[in-house]
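Thanks for sending this one over. Here are a few notes to read alongside the coordinates.

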Amino acid sequence: MSFFDDLETRSAEDRADWIAANLPEQIARAQGLPGYAESLAGVAPGSILSRADLAGLPVLRKSEIGKAQAAHPPLGGFAAADAGFEHIFQSPGPIYEPGRLGGDWWRMGRFLHACGIGAGDIVQNCFGYHLTPAGMIFESGARAVGATVIPAGTGQTELQVRAAHDIGATAYAGTPDYLKLILDKAAEMGLPLKITKAAVGGGALFPSLRAEYAERGIACLQCYATADLGNIAYESPAQEGMIVDEGVIVEIVRPGTGDPVPDGEVGEVVVTTLNPDYPLIRFATGDLSAVMPGESPCGRTNMRIKGWMGRADQTTKIKGMFVRPEQVADLVARYPEVTRARVIATREGEMDVMTVRIETEANAPERYAEGVQQTLKLKGRVEIVAPGSLPNDGKVIDDQRVYD
């Protein structure tokens with residue numbers, strides 16, 4: 001088993017020491033940017049030395065960056081002014097993200113190395129190159145491992161097949177399902193392909209699809225990355241969870257808050273990047289995941305997460321009123337004896353019904369009725385459930401209504 005670098009096999013102590021040495025510098029860089037003028041005001045960078053210390057800082061949401069960019073285009077004061085970005089990309093929103101050409105800026109090389117891609121490989125890169133950064137993110141990673149790139153982009157499947165056949169592509173990069181279209185079209189056209197490795201992202205890799213690729217002689221691994229942060233976590237050949245990238249710090253927090261949840265509990269993924277050009281501090285991805293115990297059997301020692309488990313933004317309209325995860329968090333905080341709560345939206349007849357299930361050892365649902373109405377701005381049924389009995393799926397709002 002080979003590794004991309006020595007960072008992947010560090011001891012927990014060495015990694016903690018490295019974070020303690022580098023995180024304060026990143027906080028200080030962020031404080032020098034207009035985007036953080038208010039949120040990090042008064043923070044002593046030397047007091048932020050670990051993942052646990054980050055929990056005392058505010059969460060940064062993508063919507064805040066979007067508002068800042070509208071007022072101060074193009075990057076809203078969150079990026080280093082002297083970074084010399086070669087690219088600025090546009091993602092839906094629109095939101096604009098910077099990019100650099102050198103140094104594997106998005107840290108994707110680590111994932112491609114784990115996929116077995118390297119010098120001598122020809123990567124058919126089917127991520128988009130138009131406005132959005134995914135194509136450049138994976139091309140940067142391919143350069144980092146010494147592979148050649150076919151900048152295929154998306155669509156035009158017959159031309160994709162012809163290029164892969166004629167050039168001799170040995171690896172695929174793209175969304176999980178598009179590779180199947182290419183393989184099926186190649187079979188239809190009678191053109192054999194040499195693809196034996198696949199690095200995928202941007203969608204769910206279902207076990208059945210991975211198994212189909214394996215039957216076709218293709219080893220397929222997935223990563224978890226975003227346009228803002230680059231690579232966050234990635235699979236290794238062990239295929240046991242996703243290993244957190246060495247250039248970011250990942251927290252799992254209760255949706256609607258910045259409060260870390262215990263390891264194993266599902267929550268929202270919040271990421272702090274150590275990229276000096278674009279220092280995102282406690283950036284909320286809006287995705288759900290959970291920390292896995294132990295280390296990967298492959299020998300990489302960083303924290304593992306379970307991968308993408310849904311979206312954290314569960315805002316739901318009930319009886320014409322929006323109920324948001326942060327309101328549910330406020331309800332829990334209102335009562336010291338309450339550990340968790342879950343809002344359930346159903347229909348009875350033609351009417352919305354809101355039920356609030358509250359984890360507590362108390363046995364008096366009427367005690368919480370007023371708090372529910374004041375916090376959620378709606379009347380609802382209150383059901384008491386035993387601590388630990390609510391599902392561990394990250395949901396604080398569960399919309400069970402069926403729309404025909």
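1. E11 and its antiparallel partner, strand E12 (residues 267–273), are joined by six bridges. Within this pair, Val253 sits opposite Glu268 of E12. Please keep in mind that this is a predicted model.

2. Stepping back to the whole sheet, it is open and has four strands, in the order E1-E13-E12-E11, with mixed pairing. Strand E1 (60–61) and strand E11 (248–253) each have a single partner strand, so they stand at the edges and one side of each lacks a neighbour in the sheet.

3. Which residues does Val250 touch, leaving aside its neighbours within four places in sequence? The contacts are Arg51, Ile232, Val244, Val269, Val270, Val271, Met303 and Ile305.

4. The axes of helix H9 (residues 325–334) and helix H10 (residues 366–376) come within 9 Å, crossing at roughly 145°, and the crossing is right-handed. On the H9 side, Gln327, Val328, Asp330, Leu331 and Arg334 take part, meeting Gly371, Val372, Gln374, Thr375 and Leu376 of H10. By type, the residues of this contact are four nonpolar, four polar and two charged.

Methods. Residues are numbered from 1 along each chain as its sequence is written. This is a predicted model: local features need pLDDT of at least 70, side-chain atom pairs count only at pLDDT 80 or more; totals for chains, interfaces and linings use all residues. Side-chain values use heavy atoms; hydrogens and water are left out. Two strands pair if DSSP finds at least two bridges between them. Helices (H or I, at least four residues) and strands (E, at least two) are DSSP runs, numbered from the N terminus. Contact means heavy atoms within 4.5 Å. Axes are lines fitted to C-alpha atoms, for helices over the stretch in contact, and angles run from 0 to 180 degrees between N-to-C directions. A crossing is left-handed if the near helix is turned anticlockwise from the far one by less than a right angle, and right-handed if clockwise. Ala, Val, Leu, Ile, Met, Phe, Trp, Tyr, Cys and Pro count as nonpolar, Asp, Glu, Lys and Arg as charged, and the others, Gly among them, as polar.
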